[in-house]
Amino acid sequence: MEEVDRLSLTDIDWKAYLDPDETSNVHELGEYKEEASLWLTDRAEGKGGRLPFGTSEDEYRITEGTINIYAGTTGSGKSCLLSQIAVFSTTGKYSDNEEKFLYWGPELRPHVNVGRMLRQATGEENPSQSNIDKAMDFLEGKGFLYTKENQVKGDEIIGVSRFAMHELGVKHVFIDGWLKLKLDGNPDNRWMMEADLMDKLAVTSRDTGITFHIAMHSRKMQSDRGKLSLHDIRGAGQLTDLADTACILWRNKHKEEEMMLGGTDLADEPDCVLIVDKSRHTGQSKWQLSFNKASMQFLNNPFDAPQTVY
């Protein structure tokens, strides 16, 4: 049994999926009546995806065909958050459908990415072979990795995403390597090139319904006690302007340091705080979270048991 379906550049003619057929771009309002009515109904009923620690009462929803940024400083847990969202999107518990995902995480070797996902999927640091088999059986045909690591261009990510949507039924694409992307243009003006790529991703998401989830770095704060905002996301301001959602993940390092020294004054503080600082389509939300190191899962409180996909 294949552990996770792999995609590599040699298997995909990704350029063939870049340019959709050109048609007239002028339409009567009435052509969108049914779609608009459905969108309004879904919005009123709170349909859409939730984060894997969210509840039905949360205003925030992950909506189809959007760009979602998850930002934090180095070591804040962005990669864990992205893979947890990906893994549990497949269960149907946190969305209206059992989703399929494509994950690109070039900073880790493929088997390490899969191993971390297995810890999250089983809720265990060292899952038994039986539980690994159960998790992989559940995820079969639902999770895909793009395994090329170097010289990956922005257009390539878009082409591979379109391929995964058309050929594999994927609707969620996770990009956990924004700074690893090779961008065309003047290397002295990377911010402008990043803004251009974000614009292309935004057009792709609107045209296809693909939902992009992107991990980004925030500027380092002078104090770990400081709270981040979307204005602290590293790069051009257009990145957050073009995104539909900007989530900020803050890690409580001050609590960690005190606990390591035997202190208890901050024991009741959260391990992390996740703030939806911008949401174009749904309400904003804020979660005070616990981080379970064994399962690599974010939880609503330290007394919650880690989840499993099966």
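1. The second largest pocket of this predicted model has a lining of 42 residues, and S76, G77, R251, C272 and F291 are the ones nearest its centre. Its space comes to about 900 Å³. Two or more lining residues come from each of α2, α3 (110–122), β6, α8 (253–260), β9 and β10 (297–299). The largest share is that of β9, with five residues. By type, the lining of the second largest pocket has 16 nonpolar, 14 polar and 12 charged residues.

2. F291, named above among the residues nearest the centre of that pocket, also takes part in a ring pair. Its ring centre lies 5.0 Å from that of F298, and the planes are at 55°, so the pair is tilted. F291 is partly exposed, at 25% relative accessible area, whereas F298 is buried, at 2%.

3. The whole structure holds five aromatic pairs. In one of them, Y60 and W287, the centres are 6.3 Å apart; the planes stand at 75°, which is over the 60 degrees required, so the pair is edge-to-face. Y60 lies in the loop between α1 (33–44) and β2 (67–72), while W287 belongs to strand β9 (residues 286–292); 227 residues separate them, and the pair thus links distant parts of the chain. Y60 and W287 are both buried. Together with F53 they make up one aromatic cluster.

4. A contact of another kind involves K142, whose charged end sits over the ring of F138, at 3.6 Å from the ring centre.

5. The largest pocket contains about 1200 Å³ of space. Its lining numbers 44 residues, with W39, D42, T63, E64 and G65 nearest the centre. At least two lining residues come from each of α1, α2 (78–89), β5 (172–175), α6 (190–208) and β6 (211–217). With six residues, α1 gives the most. The lining of the largest pocket divides into 18 polar, 15 charged and 11 nonpolar residues.

6. Helix α5 (residues 154–168) spans 20 Å between its first and last C-alpha over 15 residues, close to the expected 21 Å. Of its 15 residues, 11 are buried, and the helix is mostly covered. The buried residues include E156 and R162, along with I157, I158, V160, F163 and M165. After α5 comes G169, with a positive phi near 80°.

Key:
Residues are numbered from 1 along each chain as its sequence is written. This is a predicted model: local features need pLDDT of at least 70, side-chain atom pairs count only at pLDDT 80 or more; totals for chains, interfaces and linings use all residues. Side-chain values use heavy atoms; hydrogens and water are left out. Rings of Phe, Tyr and Trp (its six-membered ring) pair if their centres lie within 6.5 Å; planes under 30 degrees apart count as stacked, over 60 as edge-to-face and the rest as tilted. Helices (H or I, at least four residues) and strands (E, at least two) are DSSP runs, numbered from the N terminus. Buried means under 20% relative accessible area, exposed over 50%, partly exposed in between (1.4 Å probe, protein chains only). A charge sits over a ring if NZ of Lys or CZ of Arg is within 6 Å of the ring centre and within 35 degrees of the ring normal. The expected span of a helix is 1.5 Å times one less than its number of residues. On a 1 Å grid over the protein atoms alone, a cavity is a set of points where a 1.4 Å probe fits but cannot get out, and a pocket is an open set with protein on both sides within 12 Å along at least five of seven lines; lining residues have an atom within 4 Å of a point. Grid points are joined across faces, edges and corners, and a volume is the space filled by probe spheres set on the points. Ala, Val, Leu, Ile, Met, Phe, Trp, Tyr, Cys and Pro count as nonpolar, Asp, Glu, Lys and Arg as charged, and the others, Gly among them, as polar.
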